[in-house]
Amino acid sequence: MASDLRDKRLFLRFLSISVLGTIADYLLALLLAEAFSFAYVTASTCGFILGSIVNYCGHSVFSYEHTSRKTISLRGYGKYLLAVLSSLLVRLIAVAMLDYLTALPFWFILLVAIGASFVTSYVISTLWVFRKPD
């Protein structure tokens, strides 16, 4: 199981799907805010939800070889959403701690926090959400 975390192909597939989900998130939020005058928080929330759906489905179909579109489910999406929210919590904690404990510039703090968040999402997704059946 832990060996899955060291699988370079899996990591690159996970990263590529995560980038697609982030693009979908960003573009929908931007469209809703700019073209339809949604409040920024509402637009951002809608983008986040779309991005998480794109990521969950993409990871199910592409990232993990033992999953497919047949394994996509509301329960699985719920687990993935918990993983994503956990990674958001890690990101926020990293930002708060680095801001409080260091004099590093925000852009650097944010990059470190995003990296910590991504790693958290990858680990939780690999070991729990998309775990290989025993």
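Threonine 120 is buried in this predicted model. Its relative accessible area is 17%, which falls under the 20% cut-off and therefore counts as buried. The residue belongs to helix α5, which spans residues 106-129. Leaving aside residues up to four places away in sequence, Threonine 120 touches Ser86, Ser87 and Val90.

The largest nonpolar core holds twelve residues. Among them are Leu10, Phe14, Tyr56, Tyr64, Phe118, Tyr122, Val129 and Phe130. Tyr77, Tyr80, Ala83 and Val84 also take part. Three helices, α2 (8-35), α4 (74-101) and α5, each supply at least two residues of this core. The largest share, four residues, comes from α4. In soluble globular proteins, nonpolar side chains tend to be buried together. Tyrosine 77, a member of the core, touches Ile49, Ser52, Ile53 and Tyr56, again with residues up to four places away in sequence not counted.

The secondary structure of the protein consists of five helices and zero strands. From the N terminus, the order of elements is α-α-α-α-α. The C-alpha atoms fill a box of roughly 45 × 40 × 25 Å along the principal axes. Of the 134 residues, 32% count as buried. Contacts between residues at least 6 apart in sequence were also examined: 67% of them join residues at least 24 apart.

The accessible surface comes to about 8,600 Å². Carbon and sulfur atoms account for 71% of that area. The protein carries 11 positive and 7 negative side chains. The centres of these two sets lie 10 Å apart.

Definitions and conventions: Residues are numbered from 1 along each chain as its sequence is written. This is a predicted model: local features need pLDDT of at least 70, side-chain atom pairs count only at pLDDT 80 or more; totals for chains, interfaces and linings use all residues. Side-chain values use heavy atoms; hydrogens and water are left out. Buried means under 20% relative accessible area, exposed over 50%, partly exposed in between (1.4 Å probe, protein chains only). Contact means heavy atoms within 4.5 Å. A nonpolar core is a set of buried Ala, Val, Leu, Ile, Met, Phe, Trp, Tyr and Cys residues joined through side-chain atoms within 4.5 Å. Accessible areas come from the Shrake-Rupley method with a 1.4 Å probe; for residues, only the protein chains shown count as cover. Lys and Arg count as positive and Asp and Glu as negative; His and the chain ends are not counted. The place of a charge is taken as NZ of Lys, CZ of Arg, CG of Asp or CD of Glu.
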